[in-house]
Amino acid sequence: SALAMTAELLPRLEDWFGSPYPYAKLDLVGLAEFSAGAMENAGLVTFREEALLIDPETSPKTQHRRVASIIAHELAHQWFGNLVTMPWWDDLWLNEAFATWMAAKVVDAWRPGYDKRLDLLSGKQWVFGEDVLADARAVRNPVRSMAEAEAAFDGLTYVKGANVLTMIEGWIGPEPFRRGLQAYMRSHAWKNATAMDLWRALSEASGRDVEAVFRSFVDRAGAPLVTARPVCGAEPGAPSVSLSQGRYRMLGSRTPEGFPEGGPWRIPVCVEGPSGRVCTLLGDRSGELKWEGARGCPAWIHPNASEAGYYRWALPPSTLGDLLAARDELPQEARMGLLDQVWASVAAGLLHPDEFARAAEAMSDATERQVVRQLARGVGRMARVWDGQKGAAMEGWARR
């Protein structure tokens, strides 16, 4: 039941924040008519009935996962949003992105099988489609009216913001990230705080320029494309990976070519291979990542380790083939992202559609829920685009 979930989730949040639940009581109320899914009123959280009331015996598992996530989201707001409150609506993204990110973390800590981190990754794959449109808005915008405030409650605020937080946590490390958040909460408890205050706390905890990376992603629209290529010379020594970045654009898009105003993104890029992972901050159009400790050319590379970075990636076809051959060595997040990223390269004109067909066939033995979902989505995409032209050949391929 929802009450049993709350009793499990609340102590985990207290532990993560390093401070007790800040209010004298906590009531969860299901309302018959309520336009919002839920609202984090201090000490009295209101929900639509279907977002709270479930039968432990008969409700499907998908409903249990959904209700747990909504409860965790609203409970996270008791600290991030209520105990520390934004001064104005232009930092709404910070409240909602953090609660979305925190809900995935705390639910998976309680029920790892719910795979909420994978749901967050699935959300990123969806929000890429919104973020690359010519008229996409930035996550963080000036708000001058109620209409602009209401418009900010969208997928870019919740989902892009949460995935940028995932990228930042992966870049500076979970413990520095947590220390910075706890310092931020202590400094601003029962007061207002801005995104700048959070960036400062995370920078102090990690010794890195967190603000520059955050601003690169939340103060303007768009998603970067990182192209990676292994560089393996004939001479012995550590191999390297050549990296370049640009703006991701689909074929026929009205999105302008070139970087958004402000130039290249500052992208925490982590590349994984058979001998582990190496990371860098790619702040220019191109760079080189040395694979220290490795000898010889890696058998495969994945340009976005565990798909934690908020960027599209592309590989040369031969390198992509090596990665697909090594798919069983990848974490589930990477396997889940493979087909989506390959399709994105096809949609941008970077790969021939045959490459996606080969990738889908390679992944057709997948058994994990989220990976199979990506496979089904990818086959559906191929069918929508080519069914009328390919006829029986497309149908046969889809059935296989």
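**Entry 1**

I began with the pairing of S1 and strand S3 (residues 44–48), which run in the parallel sense over five bridges. The model I am reading is a predicted one. Within this pairing, I found valine 29 opposite threonine 46 of S3.

I then traced the sheet as a whole: it is open, has three strands in the order S1-S3-S2, and its pairing is mixed. Strand S1 (27–31) and strand S2 (38–39) are the edge strands; each has a single partner strand, so one side of each lacks a neighbour in the sheet.

I next looked for what lies across these strands. Helix H2 (residues 61–79) lies across S1, S2 and S3, and runs at about 150° to S3.

**Entry 1. Helices H3 and H4**

I looked up the packing of helix H3 (residues 92–110) and helix H4 (residues 116–131): their axes come within 8 Å and cross at roughly 150°. I noted H3 as roughly antiparallel to H4 because of that crossing angle, the cut-off for this term being over 145 degrees.

I listed the residues that make the contact. H3 contributes Thr100, Trp101, Ala104, Val107 and Asp108, while H4 contributes Lys116, Arg117 and Leu120. Sorted by class, the contact of H3 with H4 holds four nonpolar, one polar and three charged residues.

**Entry 2. The nonpolar core**

I turned to the largest nonpolar core, which has 120 residues. Which of its residues touch the most other members? I recorded Ile71, Tyr184 and Phe214. H3 supplies the largest share of this core, with twelve residues. As general background, nonpolar side chains in soluble globular proteins tend to be buried together.

Leaving aside residues up to four places away in sequence, tyrosine 184 touches Phe80, Val84, Leu94, Ala193, Thr194, Asp197, Leu198 and Ala201.

I examined the burial of strand S8 (residues 267–273). Seven of its seven residues are buried, so S8 is largely enclosed by the rest of the structure.

Finally, I looked up the partner of S8. S8 runs antiparallel to strand S9 (residues 276–282), and seven bridges join the two. Cysteine 270 has cysteine 279 of S9 as its bridge partner. I logged S8 and S9 as a hairpin, with two residues between the strands.

Definitions and conventions: Residues numbered from 1 in each chain as written. Predicted model: local features only at pLDDT ≥ 70, side-chain atom pairs only at ≥ 80, totals over all residues. Heavy atoms only, no water. Axes fitted to C-alpha atoms, helices over the stretch in contact; angles between N-to-C directions. Helix = DSSP H or I, 4+ residues; strand = E, 2+ residues; numbered from the N terminus. Parallel < 35°, antiparallel > 145°, perpendicular 65-115°, else oblique. Contact = heavy atoms within 4.5 Å. Nonpolar A, V, L, I, M, F, W, Y, C, P; charged D, E, K, R; others polar. Core = buried A, V, L, I, M, F, W, Y, C linked by side-chain atoms within 4.5 Å. Buried < 20%, exposed > 50% of the residue type's maximum accessible area, 1.4 Å probe, protein only. Pairing = 2+ DSSP bridges.
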